[in-house]
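The exercises below concern confidence, helix packing and a disulfide. Work through each task before reading its solution.

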Amino acid sequence: MRSLLAALMVTLALAALCSCGKDPKDPSGSPSAASIKITKEVANAFVKRQKRSSLYEWYSEHYRNPMEQMHERCENYPPCDYLSDQIGFSMAYNHFFRRY
C-alpha cells in the first residue's frame with residue numbers, strides 16, 4: 001500500500017513540475033496581437049454584405065406574415081400543435097384561440 005502511495009506522490013509531483021515549467025506571462029511560440037489583425041481589404045474579400053434589391057425583400061425579412069405568426073403560436077402551444085396534426089391547423093387554432 002505504501003509503495004502505491006509513494007508512486008502516486010511521485011507521479012503527482014512530476015505532473016506539477018511539468019505543468020508549472022512555462023511562465024504564463026511569456027508564452028513562447030504564440031502569435032502576437034499585431035500578427036492576428038487583418039486589413040480591411042482582406043476582411044472584405046471573404047465577408048460580403050448582402051445588398052437589398054427591393055423594398056419588398058427588406059420588408060419581408062423584418063415583418064412576418066400574420067398566418068406565419070398564427071402557425072408559430074399554435075406550434076408553441078402543445079395541445080394546439082397536437083390537435084392541428086389530427087384535424088387541421090385552422091380548426092385547431094380556432095378551437096384554442098377563437099380567431100374569427
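pLDDT is the predictor's confidence in each residue, on a scale from 0 to 100. This is a predicted model, in which local features need pLDDT of at least 70 and side-chain atom pairs count only at pLDDT 80 or more, while totals for chains, interfaces and linings use all residues. Residues are numbered from 1 along each chain as its sequence is written, and side-chain values use heavy atoms, with hydrogens and water left out.

**Exercise 1.** State the average pLDDT of the chain, and find which elements have the lowest and the highest mean.

Solution. The chain averages a pLDDT of 77, and 74% of the residues score at least 70. Elements here are DSSP runs numbered from the N terminus: helices (H or I, at least four residues) and strands (E, at least two).

**Exercise 2.** Locate the disulfide and give its handedness.

Solution. A disulfide is a pair of cysteine sulfur atoms within 2.5 Å. The structure holds one. Cys74 is joined to Cys80, with an S to S distance of 1.9 Å. The torsion about the S-S bond of Cys74 and Cys80 is about -95°, so this disulfide is left-handed.

**Exercise 3.** Describe how helix 5 packs on helix 6.

Solution. Axes are lines fitted to C-alpha atoms, for helices over the stretch in contact, and angles run from 0 to 180 degrees between N-to-C directions. The axes of helix 5 and helix 6 are 5 Å apart, at an angle of about 110°. That makes helix 5 roughly perpendicular to helix 6 (65 to 115 degrees; under 35 is roughly parallel, over 145 roughly antiparallel, the rest oblique). Contact means heavy atoms within 4.5 Å. On the helix 5 side are Cys74, Glu75 and Asn76, which meet Pro78, Cys80, Asp81 and Ser84 of helix 6.

**Exercise 4.** Which residues bring helix 5 and helix 7 into contact, and at what angle do these helices pack?

Solution. Helix 5 (residues 66-76) and helix 7 pack at about 70°, with axes 11 Å apart. The two are therefore roughly perpendicular. Met67, Met70, His71, Arg73 and Cys74 of helix 5 touch Phe89, Tyr93 and Phe97 of helix 7.

**Exercise 5.** Give the angle and axis distance for helix 6 and helix 7.

Solution. Helix 6 (residues 78-87) and helix 7 (residues 89-97) pack at about 145°, with their axes 7 Å apart. Among the contact residues are Leu83 and Ile87 of helix 6, and Phe89 and Phe96 of helix 7.
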